[in-house]
Amino acid sequence: MPRDTLTRDQIVRAAVSVLDAEGVDGLNMRRLGTQLGAAATAMYWHVKSKDELVVLAADHVWDEIELPELAEVGWRAAAAALAAGAHDMLGRHFWMLPAMSTHLIHGPNKARYDDRCLAVYEAAGFSGPDADQAAATVLMFVIGAAQGEAAELAWRARLRRAGADEEQQLRDTLARISEIAEQFPRLRARATPSVEAARPLPDEDSFEFGLRTILDGLEARLANESTRSRPESPAGR
């Protein structure tokens with residue numbers, strides 16, 4: 001593809017595709033040029049460096065998250081929808097977490113998400129720095145909850161680049177994990193079939209449980225703040 005027919009948007013979308021398959025370490029201008037059928041040097045007419053491209057790609061995928069309308073749902077449902085949307089997005093793009101640890105992710109799509117989060121917590125009753133803290137707390141939980149799955153996908157991408165047998169490596173790793181767990185009573189008990197294990201699983205998964213717990217805590221904090229700020233009635237003095 002001639003460089004004058006390429007657009008930055010095409011390059012960013014192609015970069016997301018490469019990142020989804022191979023992670024940050026697998027992205028380079030030559031690989032991207034192959035993806036687009038263009039010379040690697042043509043990329044530099046639109047982006048200055050790989051680091052800039054990673055930031056652009058990261059901002060691009062934040063636009064995948066649907067923003068709830070506060071006028072249609074309560075603050076808590078909106079907060080849960082924003083958290084679930086970010087969690088799902090991170091699950092689709094495992095490279096986002098490594099990228100967020102090495103790059104300052106910014107852009108209009110990330111700002112759009114952050115602004116709606118602040119609007120939600122302000123609507124709940126948080127003000128100023130408290131709204132910032134509430135939004136940051138939920139996002140930190142979302143990132144932590146996505147870490148395990150993202151780590152496995154990144155590990156698999158590294159194995160593919162190295163030409164290793166993914167499934168055999170996974171079996172070997174799980175065997176080592178099980179061997180280590182046998183040395184610790186609580187981990188050993190959870191790895192051994194029992195009556196407890198035969199019981200039905202909870203209706204909600206660990207992400208839903210954690211998110212509900214955090215939102216319960218924020219709601220309780222709002223209630224406590226409201227009680228403390230309410231003036232005492234003359235009868236209560």
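Mentor: Start with α7 and α8, where C117, L118, Y121 and E122 in α7 meet A131, D132, A134, A135 and V138 in α8. Contact means heavy atoms within 4.5 Å. Helices are DSSP runs of H or I with at least four residues, strands are runs of E with at least two, and both are numbered from the N terminus.

Trainee: By class, which residues make up the contact of α7 with α8?
Mentor: The α7 and α8 contact has seven nonpolar, no polar and two charged residues. Ala, Val, Leu, Ile, Met, Phe, Trp, Tyr, Cys and Pro count as nonpolar, Asp, Glu, Lys and Arg as charged, and the others, Gly among them, as polar.

Trainee: Before we go on, what kind of model is this?
Mentor: It is a predicted model, in which local features need pLDDT of at least 70 and side-chain atom pairs count only at pLDDT 80 or more, while totals for chains, interfaces and linings use all residues. Residues are numbered from 1 along each chain as its sequence is written, and side-chain values use heavy atoms, with hydrogens and water left out.

Trainee: Back to the helices. At what angle do α7 and α8 pack?
Mentor: About 120°, with the axes of α7 (residues 108–124) and α8 9 Å apart. Axes are lines fitted to C-alpha atoms, for helices over the stretch in contact, and angles run from 0 to 180 degrees between N-to-C directions. The two helices, α7 and α8, are therefore oblique to each other. Angles under 35 degrees count as roughly parallel, over 145 as roughly antiparallel, 65 to 115 as roughly perpendicular and the rest as oblique.

Trainee: And what is at the other contact, the one of α8 with α9?
Mentor: There W155, R156, L159 and R160 of α8 meet E166, E167, Q169, L170 and T173 of α9. By class, that contact has three nonpolar, two polar and four charged residues. Helix α8 covers residues 129–162 and α9 residues 166–181, and they pack at about 130° with axes 10 Å apart. α8 passes α9 in a right-handed crossing. A crossing is left-handed if the near helix is turned anticlockwise from the far one by less than a right angle, and right-handed if clockwise.

Trainee: Now the start of the chain. How do α1 and α2 cross?
Mentor: At roughly 110°, with the axes of α1 (residues 8–22) and α2 (residues 29–36) coming within 10 Å. α1 and α2 are therefore roughly perpendicular to each other. Their crossing is right-handed. Q10, I11, A14, A15, S17, V18 and E22 of α1 make the contact with R31, L32, Q35 and L36 of α2.

Trainee: What does W95 touch, then?
Mentor: Not counting residues up to four places away in sequence, W95 touches V16, L19, D20, G23, V24, V54, A57, A58 and V61. In the largest nonpolar core, of 60 residues, those with the most contacts inside it are L32, W95 and Y121. The largest share of this core, nine residues, comes from α8. A nonpolar core is a set of buried Ala, Val, Leu, Ile, Met, Phe, Trp, Tyr and Cys residues joined through side-chain atoms within 4.5 Å.

Trainee: Different spot. Where is F207?
Mentor: F207 lies in α12 (residues 206–229). At 9% relative accessibility, F207 counts as buried. Its contacts, not counting residues up to four places away in sequence, are A83, A84, H87, F141, V142 and A145.

Trainee: And K50?
Mentor: K50 is in α4 (residues 50–62), and at 29% relative accessibility K50 counts as partly exposed. K50 touches V24, D25, L27 and M29, again not counting residues up to four places away in sequence.

Trainee: Last one. How many helices and strands are there in the protein chain?
Mentor: Twelve helices and zero strands. Buried residues make up 33% of the 237 residues in the protein chain.

Note on methods: Buried < 20%, exposed > 50% of the residue type's maximum accessible area, 1.4 Å probe, protein only.
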